[in-house]
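I opened my notebook to look up a few things in one structure. My notes follow in the order I made them.

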Amino acid sequence: MASRVLNATSLARDLGSWRGDASSDGSGRRKASRPTYRALADGVRLLIHDGRIPLGVGLPSERDLSAALDLSRTTITSSYSVLRDEGYLISKQGSRSTVALPAVPTPNGMLIQSTSPSGPVVDMSHAAMAAADGTMTAAYESALQALPTYLPTHGMEPIGLAVLREAIAQRFVERGLPTTADQIMVTSGAQQAVRLLLGTLTSPGDRVLIDHPTYPNALEAIRRVGARPVPVPVRPADGDWDLDGIRSAARQTAAKVAYLIPDFHNPTGQVLGAEGRAELARITRDTRMTLIVDETMVDLWLDAPPPPPVASFGRVSGSDIVTIGSASKSFWGGLRIGWIRAHPSLVSQLAGSRAAHDLGTSIMDQLASSFLLQDAEPALELRRSHLRERRDVLEEALAEHLPDWRYRRSEGGMSLWLQLPAPVSSALAATAPAFGAILAAGPRFGVEGAFERYLRLPYTREPQELRAAVMATAAAYRALAPSAESEQPALVF
């Protein structure tokens, strides 16, 4: 039996307007009309490619989906049969059919260019900005002046310098979450924070809920500890988290830990509202999970500040919701400072585990971060201003060169999550360097091949570089194949 079964009501909602008069048969050939069972199968197939139906889950029973869609069971049976024949369902005797991707992709005549680019290549695979003029220089000058105080010590602080932990705690207090320095552990970047927490809170084989898509390095960290990611979709069309899906998945898989990015989600840029945060905290309590909230983008709001921290909706003790943050996105990627906010007992446990990785974070980086956090808003507002400008530039370039690509405007963060007319993201990423752009394909952000119809484009480069990158991406997309232009249209959400 499948360890997790998709809810029929949720699937019916995600299918949206799945009945259409025109479609594609999957090879790019247009069809005038489709029987209902074929239209339903095509709708499910699109959701699988988009990552909104995770691989490995069981589809609803024919009876349940028949009731949810008000269709005959014969229609549902025929749709499931089509999906099974095309390799999107795997059936075993006595078990529910589970979602899969075909072992061999359907040929689509894609042409991959192998020529060298005629000009410079713009790297759009990383969402990171250069340091603001003068800000980091001043921070390290201040750190150098403060350094002599620490030279008589051994310089190894497994939980971090007190001055920095106090500054981080104060930032939480200013956002409405009472926090003391003994709840803070400083790490060498947020990535180390994720690894430490997963290594402490999970065992090999444990399930970890993730929002889907998600941060690729977090996926890798989950795999490195031998845990198994359980994806629950984020819907970029409406900027919503599937909270019912999170609750259902937590109960069905007995997940011990969840890793979510509710603040300007990477890669979609969406933010979970206050009501959703309260519900997420309730789910965490009810299912006895530990929730790891990734706040690395929290300072980079572009349209409006985010709601209060998710942890402010949790238990007063702070034992159920752990928060991680970082100075790298807020100030500079080269500043390898992250942190964990957790119950003091977990902080002590993490400090003991850390010895297997390192004995503390760079004193100079900690002192520089302390300087930046003491008066952060001027530098942060300058960063937001640059990001707003560059987001506008990227959107204008997309409207001009790739008008058929769809996206929901990011409310913050550093990137747009784009839906392509055809599932060619990996091929596009392979082709684009020959035209002058390095891209991060959609499947990097998903589990087992999801998101072939998506691409993340950051707006962190200089305006002229963003324009050049979009032009290069458009040229690469045109070169893939004529069939890419005639592929199946996006679902109407």
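I looked up phenylalanine 445 and found that its relative accessibility is 0%, so the residue counts as buried. Buried means under 20% relative accessible area, exposed over 50%, and partly exposed in between, with a 1.4 Å probe and protein chains only. The model is predicted, so I kept its rules in view: local features need pLDDT of at least 70, side-chain atom pairs count only at pLDDT 80 or more, and totals for chains, interfaces and linings use all residues. Residues are numbered from 1 along each chain as its sequence is written, and side-chain values use heavy atoms, with hydrogens and water left out.

**Aromatic pairs**

How many aromatic pairs does a search of the whole structure find? I got 5. Rings of Phe, Tyr and Trp (its six-membered ring) pair if their centres lie within 6.5 Å; planes under 30 degrees apart are stacked, over 60 edge-to-face, and the rest tilted.

I noted tryptophan 405 with tyrosine 477, an edge-to-face pair at 5.4 Å centre to centre and 85° between the planes. Tryptophan 405 is in the loop between helix 13 (377–401) and strand 14 (415–419), and tyrosine 477 is in helix 15 (residues 463–480), so this pair ties together parts 72 residues apart in sequence. Helices (H or I, at least four residues) and strands (E, at least two) are DSSP runs, numbered from the N terminus.

Tryptophan 417 is in strand 14, while phenylalanine 445 is in the loop between strand 16 (440–441) and strand 17 (454–458), 28 residues apart. Tryptophan 417 is buried, at 2% relative accessible area. I wrote down one aromatic cluster made of Trp417, Phe445, Phe451 and Tyr454.

**Helix 8**

I went through helix 8 (residues 216–224) and found Pro216, Ala218, Leu219, Ala221 and Ile222 buried. What do they pack against? I listed helix 7 (190–201), strand 7 (207–212), strand 8 (228–235) and strand 10 (257–260).

**Aspartate 242**

Where is aspartate 242? I found this residue in the loop between strand 9 (240–241) and helix 9 (243–253). Aspartate 242 counts as buried, at 6% relative accessibility. Leaving aside neighbours within four places in sequence, aspartate 242 is in contact (heavy atoms within 4.5 Å) with Arg13, Val232, Pro233 and Arg235.

**Second largest pocket**

I looked up the second largest pocket and noted a volume of about 450 Å³. A pocket, on a 1 Å grid over the protein atoms alone, is an open set of points with protein on both sides within 12 Å along at least five of seven lines; lining residues have an atom within 4 Å of a point. Grid points are joined across faces, edges and corners, and a volume is the space filled by probe spheres set on the points.

The lining has 23 residues, and Ala127, Tyr215, Asn217, Asn266 and Lys329 lie nearest the centre. Helix 7 and helix 8 each supply at least two lining residues. Helix 7 gives the most, with 3 residues.

How values were computed:
1 Å grid on protein atoms, 1.4 Å probe; cavity = no way out; pocket = protein on both sides within 12 Å on 5 of 7 lines; lining within 4 Å.
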